[in-house]
Amino acid sequence: MALVRRERILILAKTYPSPSAKHVETSCVAGINRDGSMRRLYPVPFRMIEQDQQFKKWQWIEVGVEKAPADHRPESHKLDIGSLKVEEDVTPKKEWAERREWIEKMPTFSSFDEIEQACRDEGLSIALLRPKKVLGLEIKDARNKDWTDEEKEKLMRAQMQGDLFSEAQAKQQVRELRKVPFDFYYSYVYDTPDGEKERKHKIVDWEAGALFWRMYQDHGPTGWKDKFRAKLEDDLISKDLMFLMGNQHRFQDQWLIVSLIYPPKRKPVDDRQSALF
């Protein structure tokens with residue numbers, strides 16, 4: 001691979017693999033570089049994106065990248081996984097003060113219609129959406145409870161990209177990767193010139209998949225749903241919840257919530273003291 005440059009990239013999104021649709025990327029790793037440009041990175045093996053393993057959300061990496069030749073979306077870059085160095089975390093200290101600095105550099109919209117327009121006009125394919133109000137969480141049975149043979153084949157091919165793994169190693173990793181047997185969606189509203197509009201989008205953030213398995217293990221097949229809903233509906237919606245949206249390579253009108261961004265709500269500024277002077 002002819003590397004064009006090395007970049008420092010702050011990881012903002014790791015998605016749970018979803019190879020069911022034809023031509024859809026099996027997973028998405030995305031972030032923002034030091035210059036404030038958004039990046040979608042691939043190929044990234046599952047072992048590099050699993051919860052608390054090689055790198056995580058809100059962690060800097062340094063890696064060799066080049067513009068992806070077969071993916072014309074401006075954010076999409078190929079990376080040399082062998083050159084990757086994991087660096088420091090950006091912590092949530094001081095009410096997310098340091099994280100907010102990077103949130104403010106992202107392309108940000110309050111209307112999903114405006115994201116779609118920017119996609120048509122500029123090719124934008126990753127953007128932060130600040131909905132007016134998040135209405136709630138919907139949990140639906142997945143079409144298939146386990147990976148199909150076709151999905152396993154796609155996952156195995158993805159693991160073997162770049163000669164990182166032998167076929168036997170790739171098969172083993174696919175066996176160990178459990179499919180989440182449910183789909184999760186957020187419904188929300190945003191303002192348009194014609195009034196409020198309601199939309200629903202699927203959540204594919206790895207954190208949601210990992211949370212499902214943790215709640216399922218701790219509370220069983222009948223108790224996990226209330227605990228899961230308490231986190232994504234009660235807890236996260238009470239925060240300043242935003243969606244990092246990403247579209248799909250072959251179907252660029254189809255968008256997913258690739259990452260949940262949830263700083264605490266800002267406290268109202270008390271201006272009574274300044275009013276005394």
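Start by selecting Asp 71, in the loop between strand 4 and strand 5 (76–89). Strands here are DSSP runs of E with at least two residues, helices are runs of H or I with at least four, and both are numbered from the N terminus. Residues are numbered from 1 along each chain as its sequence is written. You are looking at a predicted model, where local features need pLDDT of at least 70, side-chain atom pairs count only at pLDDT 80 or more, totals for chains, interfaces and linings use all residues, and side-chain values use heavy atoms, without hydrogens or water.

**Stop 1: around Asp 71**

Is Asp 71 buried or exposed? Asp 71 is buried, because its relative accessible area is 1%. Buried means under 20% relative accessible area, exposed means over 50%, and partly exposed is in between (1.4 Å probe, protein chains only).

Now show the side chains of Arg 73 and Ser 76. The Asp 71 side chain makes a polar contact with the side chain of Arg 73 at 2.7 Å. It makes another with the side chain of Ser 76 at 2.9 Å. A polar contact is a pair of N or O atoms within 3.5 Å; within protein, one must be able to donate a hydrogen and the other to accept it, and residues adjacent in sequence count only if both atoms are side-chain atoms.

**Stop 2: strand 1**

Select residues 5–14. This is strand 1, and seven of its 10 residues are buried. Strand 1 pairs with strand 4 (residues 59–67) in the antiparallel sense, over six bridges. Two strands pair if DSSP finds at least two bridges between them. Find Ile 9: it stands opposite Ile 61 in strand 4.

Strand 1 also pairs with strand 2 (residues 29–33), antiparallel, over five bridges. Here Ala 13 has Ala 30 of strand 2 as its bridge partner.

**Stop 3**

Next, three strands form an open antiparallel sheet in the order 8-9-10. Its edge strands are strand 8 (133–141) and strand 10 (195–202), each pairing on one side only. Eight bridges join strand 8 to strand 9 (residues 182–192), and the two run antiparallel. Pick Glu 138: its bridge partner in strand 9 is Tyr 185.

**Stop 4: two cysteines**

Last, select Cys 28 and Cys 119. Cys 28 counts as buried because its relative accessibility is 13%. Cys 119 is also buried, with a relative accessible area of 12%. How many disulfides are there? The count comes to zero, where a disulfide is a pair of cysteine sulfur atoms within 2.5 Å.
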